[in-house]
Amino acid sequence: MTRIRVLAGTRKGAFVLTSDASRAKWEVSGPHFGGWEIYHLKGSPADPDRIYASQNTGWFGQLIQRSDDGGATWQPVGNEFTYATDPGTHLWYDGTPRPWEFKRVWHLEPSLTDPDEVYAGAEDAGLFRSRDGGATWTELTGLRTHSSGPGWQPGAGGLCLHTIILDPAHAGRMFAAISAAGTFRSDDHGETWRPVNRGLHDEGTLPEEEPEVGFCVHHVEMHPTRPDTLFMQKHWDVMRSDDAGETWREVSGNLPSDFGFPIGVHAHEPETIYVVPITSDSLHFPPDGRLRVYRSRTGGDEWEPLTRGLPQEHCYVNVYRDAMAVDSLEECGVYFGTTGGQVYASADAGDTWEAITRDLPAVLSVEVQTLA
Amino acid sequence: MTTVRVVLPAHLKNLARVRGEVMLNLGGEHDPAGVTRQALLDALEAAYPVLRGTIRDHVTGKRRAFVRFYACQQDLSNEPADVPLPAAVVAGSEPFLIVGAMAGG
């Protein structure tokens, strides 16, 4: 029997929500790791009962938890994230050099084929890999030590590596995105990297016309059947690339605001994408207090608001960059979590929405598993 | 046999799956002057590997900023790690307290 499992990371613990394929009734378990910030949980595509979770507090630092039974029980695994070479410096907010310092893991990306292999995106920006189920972690230094690294500057949330995409079609190709350095691509399993930011622009703050790095990329998504097409929600601007990041063009079109954090792609329609417009960089809530998901069925430029079931007055929540996901049922389900603690789900590709839980701590991430 | 008592903060108790105080056997007869915070934390992490990195940095051994150490009504947080612990801690009559600092607004 097909089931859906939603993994929600929050400011105060992890929650696992499960439903049958109707997606009408949900069971909620949690909090797991109550009181700890769970930036991200993600299941292995190769073994969906293998789930990795990033657990952190300012008091006691970073832990990685692993479940081998679909989130019912957990065991802490390795938590030593050490930059493999002299970390050197990046730029601080005031433009002065600052030594790289590990703070937390923002994103975990399990391998597409090996349940024991998983990547971790860290703040300060570094990419780590485990090949033993999370027991030990090794930095892939080629990204952090790219020649542009000393010029990377943090976004307001920190110098975080928040997006990792493994290309299912091109062996060894992967993408990573860092706030506020930009997007990077590797074609050799993460050994070497180069920036792929051509076509991105920031609001008049960059001294060079075509800088290599310096972009506040918020999130990037790929449809697995179109691995050369990437969709990006940048700080401002919704962008797409059709050449694996070589060039980007803006597809914000008729959005009421092109500021936002997450971006999602329909499971079966590679040109159907979703964003949640936020008023501005200084007003992190929806325009006019109306929570609207915008859907484009044309890969951008033309957008329609999706409002049925979402609050259309007095709504001042935000939706973070890793807090939107889709299931892969025939009628694609779309899910997102808010800073107000709601997890909204649509079982009809966004036409209608329902809060499947509404009083969690602020939601930091949402991932969805479709279980056979 | 030297046994010291350690009180962990709630989150670390949960993580280590312990209740109440942790009784740490440091092995052998210790000269009280030879039992340091470093020796205590080494023994704690050996007994509960999950605590590695949560109290002090993996590599530098430096105390995490929001973790504090107390014993015998004294704040020992900024004492060097190789300074002997109070005799009452080594004797087991007083616990060594690991505390999550109050922080916030």
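What percentage of the contacts in chain B between residues at least 6 apart in sequence join residues at least 24 apart? The share is 58%, where a contact means that two C-beta atoms, placed from the backbone, lie within 7 Å.

Before the close-ups, a word on the model: it is predicted, local features need pLDDT of at least 70, side-chain atom pairs count only at pLDDT 80 or more, and totals for chains, interfaces and linings use all residues. Residues are numbered from 1 along each chain as its sequence is written, while chains are lettered from A and ligands numbered from 1 in the order in which they are written.

**View 1. Chain B as a whole.** Chain B holds three helices and five strands; these are DSSP runs numbered from the N terminus, with helices being H or I of at least four residues and strands being E of at least two. Read from the N terminus, the order is β-α-β-α-β-β-α-β. The radius of gyration of chain B is 13 Å, close to the 13 Å that the globule rule gives for 105 residues, so chain B is as compact as a globular protein of that length. That radius is taken over C-alpha atoms, and the rule is 2.2 Å times the number of residues to the power 0.38. The C-alpha trace spans about 45 × 25 × 25 Å along its principal axes. Chain B averages a pLDDT of 91, and 90% of its residues score at least 70; pLDDT is the predictor's confidence in each residue, from 0 to 100.

**View 2. Helix 2 of chain B and its cover.** Within helix 2 (residues 37-47), the buried residues are Arg37(B), Ala39(B), Leu40(B), Leu41(B) and Leu44(B). Buried means 20 or more other C-beta atoms within 10 Å of a residue's own, exposed means 12 or fewer, and partly exposed lies in between, with C-beta atoms placed from the backbone. The cover over these residues includes strand 1 (3-7), strand 2 (22-25), strand 3 (67-71) and strand 5 (96-100) of chain B. Across chain B, 25% of the 105 residues count as buried.

**View 3. Where the two chains touch.** Chain B brings 12 residues to the contact and chain A brings 10 residues. On the chain B side, helix 1 (residues 10-16) gives the most, with three residues. The predictor gives the complex an ipTM of 0.91 and a pTM of 0.96.

**View 4. An open sheet in chain A.** Four strands line up in the order 4-5-6-7, with antiparallel pairing; strands pair if DSSP finds at least two bridges between them. Strand 4 (37-43) and strand 7 (75-76) are the edges, each pairing on one side only. Strand 6 (residues 61-67) meets strand 7 through two antiparallel bridges, and Gln65(A) has Pro76(A) as its bridge partner.

**View 5. Strand 30 of chain A, paired with strand 1.** Seven of the nine residues of strand 30 (residues 363-371) are buried, so this strand is largely enclosed by the rest of the structure. Strand 1 (residues 3-10) runs antiparallel to strand 30 and is joined to it by eight bridges. Gly9(A) stands opposite Ser365(A).

**View 6. The surroundings of Ala347(A).** Ala347(A) sits in the loop between strand 28 (343-346) and strand 29 (354-357) of chain A. Ala347(A) counts as buried because it has 23 C-beta neighbours inside 10 Å. Beyond its neighbours within four places in sequence, Ala347(A) is in contact with Arg23(A), Glu331(A) and Gly333(A).
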